[in-house]
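This report walks through selected contacts, surfaces and backbone features of one protein assembly. Please keep the sequence and the structure open while reading.

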Amino acid sequence: MGNCMCIRDLCDRPKNTNVRWRLPAVCFIWQLSMIILFGVFVRYNEEADTHWVHYKNKNNITSDIENDFYFRYPSFQDVHVMIFVGFGFLMTFLKRYSFGAVGFNFLIAAFGIQWALLMQGWFNSLDYSDGKIKIGIENLINADFCVAGCLIAYGAVLGKVSPVQLLVMTLFGITLYAVEEYIILNILHAKDAGGSMVIHTFGAYYGLSISWVLYRPNLNKSKHLNGSVYHSDVFAMIGTLFLWMFWPSFNSAIADHGDGQHRAAINTYLSLASSVLTTVAISSLFQKTGKLDMVHIQNSTLAGGVAVGTAAEFMLSPYGALIVGFICGIISTIGYIHLTPFLEEKLKIQDTCGIHNLHAMPGVIGGIVGAVTAAAATTTVYGDLGLANTFDFTGSFAKRAPNIQGAYQAAGLCVALCFGIGGGIFVGLVLKLPIWGDPADENCFDDVIYWEVPEDEESVPPILVYNNHMIPNKNSDRRETHFVEQS
Amino acid sequence: MGNCMCIRDLCDRPKNTNVRWRLPAVCFIWQLSMIILFGVFVRYNEEADTHWVHYKNKNNITSDIENDFYFRYPSFQDVHVMIFVGFGFLMTFLKRYSFGAVGFNFLIAAFGIQWALLMQGWFNSLDYSDGKIKIGIENLINADFCVAGCLIAYGAVLGKVSPVQLLVMTLFGITLYAVEEYIILNILHAKDAGGSMVIHTFGAYYGLSISWVLYRPNLNKSKHLNGSVYHSDVFAMIGTLFLWMFWPSFNSAIADHGDGQHRAAINTYLSLASSVLTTVAISSLFQKTGKLDMVHIQNSTLAGGVAVGTAAEFMLSPYGALIVGFICGIISTIGYIHLTPFLEEKLKIQDTCGIHNLHAMPGVIGGIVGAVTAAAATTTVYGDLGLANTFDFTGSFAKRAPNIQGAYQAAGLCVALCFGIGGGIFVGLVLKLPIWGDPADENCFDDVIYWEVPEDEESVPPILVYNNHMIPNKNSDRRETHFVEQS
Amino acid sequence: MGNCMCIRDLCDRPKNTNVRWRLPAVCFIWQLSMIILFGVFVRYNEEADTHWVHYKNKNNITSDIENDFYFRYPSFQDVHVMIFVGFGFLMTFLKRYSFGAVGFNFLIAAFGIQWALLMQGWFNSLDYSDGKIKIGIENLINADFCVAGCLIAYGAVLGKVSPVQLLVMTLFGITLYAVEEYIILNILHAKDAGGSMVIHTFGAYYGLSISWVLYRPNLNKSKHLNGSVYHSDVFAMIGTLFLWMFWPSFNSAIADHGDGQHRAAINTYLSLASSVLTTVAISSLFQKTGKLDMVHIQNSTLAGGVAVGTAAEFMLSPYGALIVGFICGIISTIGYIHLTPFLEEKLKIQDTCGIHNLHAMPGVIGGIVGAVTAAAATTTVYGDLGLANTFDFTGSFAKRAPNIQGAYQAAGLCVALCFGIGGGIFVGLVLKLPIWGDPADENCFDDVIYWEVPEDEESVPPILVYNNHMIPNKNSDRRETHFVEQS
């Protein structure tokens with residue numbers, strides 16, 4: 001603590017990455033806005049308010065355990081771990097961008113959940129009697145979900161943007177998310193418990209489009225930092241595993257009480273298990289000597305969780321879940337091997353974490369699986385009550401038939417795609433403005449631009465040798481300095 | 001990502017560790033078999049099926065919160081973390097086998113849970129009316145438990161086998177587990193909520209027997225890699241702590257609703273706390289200057305959780321739990337100091353993680369504690385209903401007396417031992433076939449055999465120096481190459 | 001495993017840090033005492049005892065899900081993770097004290113929870129009918145809370161004390177905690193669900209006072225080790241994030257069933273989110289080029305959770321929670337920048353982890369917020385029943401008015417402060433006795449004193465170079481030895 005100094009002096013760059021005024025200003029203004037808006041709009045819902053005791057009596061609820069808190073809090077905490085540790089550590093694989101990965105992930109998510117509570121609240125939880133948004137545990141889960149979309153997008157631009165850009169990207173991302181979610185879930189009445197469409201498809205295409213607009217033709221200047229070291233790969237596995245383990249909670253968190261949550265957890269558990277085996281198979285098959293690649297293990301093993309998101313609460317059947325995981329493990333791994341280079345070279349989309357393989361393709365597959373499964377639903381399989389319960393065929397949707405539902409599911413997927421691509425292009429153009437403090441091409445993937453990085457005393461000589469090779473002019477000075485110190 | 005190359009070329013070894021066809025083939029075939037078998041056999045049970053709403057009405061269940069999901073899902077997720085992060089990271093202590101530790105653990109577990117759902121399903125969850133296995137949350141927990149046995153066994157052979165061998169070992173291990181579990185729990189009607197016998201004793205002797213059959217007389221050729229570095233020891237503590245913290249969930253996950261789960265969690269919590277203090281005491285006592293050894297802290301602190309597994313749901317009493325932890329912390333730590341070298345030199349059992357000290361001995365002690373505690377149970381302590389509830393003295397076992405139960409508990413322990421040793425010897429012989437791609441003695445404990453390992457640019461020179469000492473012929477070339485690069 | 005040797009020989013120090021007899025003796029004696037005291041005093045409560053089935057029938061409880069276990073176990077496990085992984089890993093930021101951070105944290109906590117069960121049990125859970133302490137899940141949570149106070153205190157003396165001192169500090173700390181907690185919660189009838197006063201204020205001033213008594217004027221001799229390296233900062237983020245994510249569980253774990261737990265979780269979630277943004281803002285603002293400092297991100301982001309502890313279960317309102325987090329993020333970060341150096345230079349308080357900024361100031365603020373919020377409570381906002389429920393205005397406190405409650409809350413804060421400072425000075429004097437094996441000034445923050453540290457083969461040359469610079473006489477020998485080995 002304290003005894004830190006930045007290793008490389010970067011003031012002589014043409015790009016101004018000094019965010020000393022911009023970053024604090026954005027953080028302060030946005031946090032103050034949140035306080036004001038929360039003051040005007042946000043209150044506890046009846047299950048979190050001290051009036052719960054009155055509410056219970058009025059509604060003949062016999063026990064506090066019927067409070068939604070006890071149905072959803074364990075799942076909420078698992079989702080929370082996925083957002084902060086899962087996404088955060090998954091991105092620490094880069095050798096010198098772990099602070100940025102886990103730290104900016106933290107910043108984005110902490111801001112995003114507040115803005116999401118408001119945006120989603122206005123659309124879904126507004127109490128028209130008093131004009132207030134009433135929040136409870138389900139709103140917290142939805143806010144975490146909403147942020148997940150932006151964190152997915154962060155994966156595409158990891159290492160290439162400034163924290164100010166990330167905050168702007170999150171502000172717009174959450175806003176777009178809330179609108180597309182409202183259209184898909186409320187207007188189209190599509191179901192998407194695990195968010196294959198709403199979260200993954202939207203988030204991935206949002207990020208990919210931004211990355212496309214922000215294309216850096218000379219990114220190979222920082223190529224030496226765009227890779228992992230041994231320990232950074234192990235750190236990334238922390239992220240992978242927490243995402244993998246808690247994905248059943250993700251897909252079941254806001255599913256129906258009872259069998260809905262139960263079934264969603266089982267389907268996701270199975271789909272993920274299946275993905276692991278096909279990921280390993282493809283990873284080994286495509287290397288000369290059958291070795292496994294950590295990039296695939298860290299990412300493609302999760303594809304099954306993404307793809308089963310929409311259909312997790314349907315009667316997909318255990319073997320159906322296995323098939324979804326089987327296919328997505330294959331497609332995602334092949335994506336890392338063949339598609340990522342293609343996207344970069346031909347389509348000019350630089351996708352640092354390969355979100356196209358982990359979220360975009362499996363998300364679209366998930367949307368299709370959801371549409372097909374919904375269209376094929378029958379009362380024989382679901383039961384009368386079960387069918388109505390599962391698809392919420394109540395109120396104005398009471399007469400909707402499963403095949404119509406399938407069509408609306410497909411329409412939902414298109415909406416997610418349009419919002420992702422369209423929104424991403426727009427926000428990409430905003431982020432191209434030369435005012436956000438983004439790094440120069442040669443400084444991408446490097447924590448020293450935005451973080452006080454401790455001088456790594458124990459490994460000083462290796463760093464010097466390495467620097468010597470990469471930036472010879474500077475290193476000669478540095479090495480001398482050190483020799484002087486040492487002698 | 002991508003910018004990887006393997007550091008040492010190994011094609012000139014007599015052993016063929018190229019698993020390019022074997023590993024994908026095994027993964028594909030087994031995953032396809034799972035899909036087919038799940039298609040034929042596996043369905044949701046009544047609590048995870050959309051017919052839950054009918055079931056509820058029929059059985060006068062007033063609230064969805066009565067769904068078993070809400071009793072067990074939080075514990076399930078804790079167990080899930082123990083299996084994937086706990087076991088996975090505990091084994092990352094080796095300096096250059098972290099990918100294998102956490103990655104192969106992932107692979108084994110993901111395959112094992114699927115096969116376990118089938119094997120355990122045929123024995124325990126088969127609905128004879130339609131010939132289907134009906135799964136719910138408790139099956140997922142049991143599948144995770146089943147895999148734990150195989151992961152324990154992996155600890156004994158860590159670094160010395162190929163992923164194909166591990167998958168074969170898991171296939172047989174799960175099968176044996178399901179049979180011994182059925183004999184112990186159903187036929188003998190022994191109780192083993194936390195699996196001291198069924199999981200730990202079986203798993204440990206299974207692994208030790210395999211290791212005995214696969215004995216490598218020249219393993220000291222890779223001795224330099226059979227140890228930790230500073231950061232790998234910290235990674236391993238992640239595994240230790242998640243195992244330690246969530247062990248109360250492990251032992252209580254499938255215990256009886258209500259007081260059963262409650263008591264199992266308390267007993268485990270106490271036993272584990274006690275283990276920590278005696279582990280520290282013994283570790284310090286046996287070093288010249290009283291220093292602590294990370295190996296002991298990482299492993300022996302967990303012995304109390306293993307040993308209290310069987311008796312956790314009994315009226316062991318809080319002080320009884322403390323005594324169990326007290327004894328096992330001592331025995332396990334002394335095991336690491338004196339028994340592990342003895343086993344290796346005299347009995348030719350090479351036990352990489354020391355599972356004999358962490359699982360075998362505490363598991364047997366746990367079985368004995370369970371037998372004694374069961375035999376000593378009285379209606380005074382348990383109450384009439386309580387005694388019958390705790391030991392499930394219902395149906396054909398309604399008239400069993402506690403002392404008879406004690407004898408059956410002891411018999412259960414013997415069954416676990418026999419299956420572990422017998423099964424391990426058989427599977428060890430299978431794994432000796434020269435077709436599985438296992439590494440040469442000098443390549444044990446080294447990730448580069450089965451993984452694309454990133455060139456660790458920052459620490460290139462140290463590795464060279466170290467290699468220089470170990471494999472001089474190669475290094476001279478390498479060093480030159482590097483000097484050329486650097487100049 | 002095994003292949004370890006200590007890097008630096010330290011026998012020639014005037015201080016005797018050999019704890020070979022003292023540490024084992026203390027561990028054994030204390031663990032034996034625990035067993036005896038538990039044997040005499042501790043039993044299961046009616047919800048964890050096999051008599052639960054009788055209890056249920058007698059009290060017309062219709063379902064096992066009404067067992068307190070299901071209300072609190074998920075929160076308990078989250079708290080458990082905070083204690084062992086959260087606190088443990090947060091302190092791994094030092095470059096060469098990760099074993100001590102996570103290992104001694106483990107030791108302290110494992111001992112502390114046992115002693116806390118007894119101390120808190122005597123005060124709160126004693127069944128006067130048979131003189132036994134009856135424990136259940138809530139006692140486990142409270143024991144974890146109690147230990148949190150001591151772990152906070154450990155943060156101030158991290159790296160400067162021996163494990164024996166830590167055990168003594170914990171023995172006294174838990175004792176003092178139980179007394180102050182009883183005075184604050186039972187006698188004054190103050191509310192403090194999340195422990196801003198009882199845990200954080202007490203723990204922080206306890207640690208700071210001890211650190212003040214143990215002041216080391218020549219601590220700069222080990223200044224080179226009092227800082228982080230790149231990977232140790234990433235490890236510390238594991239601690240930060242698990243604390244941050246699970247803090248809603250911490251503040252809601254022992255709150256009232258139903259709306260109490262629900263509201264406490266929401267308030268904490270919001271306060272923490274707000275802290276992150278202001279921490280980032282201040283951290284960036286106070287650095288020359290706007291770079292972020294990991295010390296702030298690791299610590300000050302948590303200040304909102306500390307400060308909302310007391311008021312979390314009150315009707316603080318969502319925007320109230322955001323304001324609390326907003327203010328504390330600012331104060332805590334400025335504390336790290338300006339107050340920590342001031343405390344060290346002027347007040348002679350060496351605070352390794354900066355607990356003054358993370359726990360002391362936010363804890364006091366939390367106490368004040370709680371007092372003000374309680375004093376301002378009205379039946380309009382809370383409802384008749386709600387007000388009585390929230391503040392437990394029952395029995396002899398049935399007629400207490402909110403403004404009186406506010407005064408008692410403030411009195412509670414003073415009690416916590418007095419116990420912390422007074423107790424800390426007393427215990428500091430005890431720890432000054434020259435019998436505990438504490439390290440010399442030049443060996444502070446160094447794991448090699450109390451741990452077998454693996455020789456870090458891969459980075460041997462860098463360490464030598466570094467040592468060469470620091471302790472030249474020794475290194476010449478070492479380097480030669482190595483060269484001999486290598487040639």
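A residue is called buried when its relative accessible area is under 20%, exposed when that value is over 50%, and partly exposed in between. By that cut-off T333(B), with a relative accessible area of 0%, is buried. The model discussed here is predicted, and the values quoted below are computed from it.

T333(B) belongs to helix α12 of chain B. Leaving aside neighbours within four places in sequence, T333(B) is in contact with T279(B), I282(B), S283(B), H296(B) and S300(B). A polar atom of the T333(B) side chain also lies 2.6 Å from the backbone oxygen of G329(B). For a sense of distance within the chain, the C-alpha atoms of T333(B) and Y55(B), which are 278 residues apart along the chain, are separated by 51 Å.

**The interfaces between chains**

How many residues does each chain bring to the contact between chain B and chain C? Chain B supplies 93 residues and chain C supplies 87 residues. The size of an interface is often given as the accessible area lost when the parts come together. The table sets out that area for the two interfaces treated here.

| Interface | Buried area | Share on carbon and sulfur atoms |
|---|---|---|
| chain B and chain C | about 7,700 Å² | 72% |
| chain C and chain A | about 7,700 Å² | 72% |

Between chain B and chain C the rule finds zero salt bridges, whereas 25 residue pairs, both members at pLDDT 80 or more, are in polar contact across that interface. On the side of chain B that touches chain C, the elements giving two or more residues are α3 (68-90), α8 (230-252), α9 (259-285), α10 (294-299), α12 (318-345), α14 (379-382), α15 (384-391) and α17 of chain B. Of these, α9(B) provides the largest share of that side, with 19 residues.

**A histidine between chain C and chain A**

One residue of helix α9 (residues 259-285) of chain C is H262(C). Which residues does H262(C) touch, not counting residues up to four places away in sequence? They are E47(A), A48(A), N67(A), F69(A), G136(A) and I137(A). With N67(A) the contact is polar and runs from side chain to side chain, at 2.9 Å. H262(C) counts as buried because its relative accessible area is 1%.

**A nonpolar patch on chain A**

On the surface, W212(A), I421(A), I425(A) and L429(A) form a nonpolar patch, and together they have about 360 Å² of accessible area. The largest share of the patch, three residues, comes from helix α16 (residues 402-432) of chain A. I421(A), which lies in that helix, is partly exposed, since its relative accessible area is 36%.

**Two residues with positive phi**

Most residues other than glycine have a negative phi. F445(B), a residue other than glycine, has a positive phi near 60 degrees. F445(B) is found in the loop between α16 (402-432) and α17 (460-470) of chain B, and with a relative accessible area of 1% F445(B) is buried.

In chain C, S317(C) is also a residue other than glycine with a positive phi, here near 75 degrees. The place of S317(C) is the loop between α11 (303-307) and α12 (318-345) of chain C. Is S317(C) buried or exposed? S317(C) is buried, because its relative accessible area is 15%.

Key. Residues are numbered from 1 along each chain as its sequence is written. Chains are lettered from A and ligands numbered from 1 in the order in which they are written. This is a predicted model: local features need pLDDT of at least 70, side-chain atom pairs count only at pLDDT 80 or more; totals for chains, interfaces and linings use all residues. Side-chain values use heavy atoms; hydrogens and water are left out. Helices (H or I, at least four residues) and strands (E, at least two) are DSSP runs, numbered from the N terminus. Buried means under 20% relative accessible area, exposed over 50%, partly exposed in between (1.4 Å probe, protein chains only). Patches are made of residues with over 30% relative accessible area and no salt bridge: like charges are joined within 9 Å, nonpolar side chains (Val, Leu, Ile, Met, Phe, Trp, Tyr) within 5 Å. Accessible areas come from the Shrake-Rupley method with a 1.4 Å probe; for residues, only the protein chains shown count as cover. A salt bridge is a side-chain nitrogen of Lys or Arg within 4 Å of a carboxyl oxygen of Asp or Glu. Contact means heavy atoms within 4.5 Å. Buried area is the accessible area (1.4 Å probe) that two parts lose on being put together, summed over both. A polar contact is a pair of N or O atoms within 3.5 Å; within protein, one must be able to donate a hydrogen and the other to accept it, and residues adjacent in sequence count only if both atoms are side-chain atoms.
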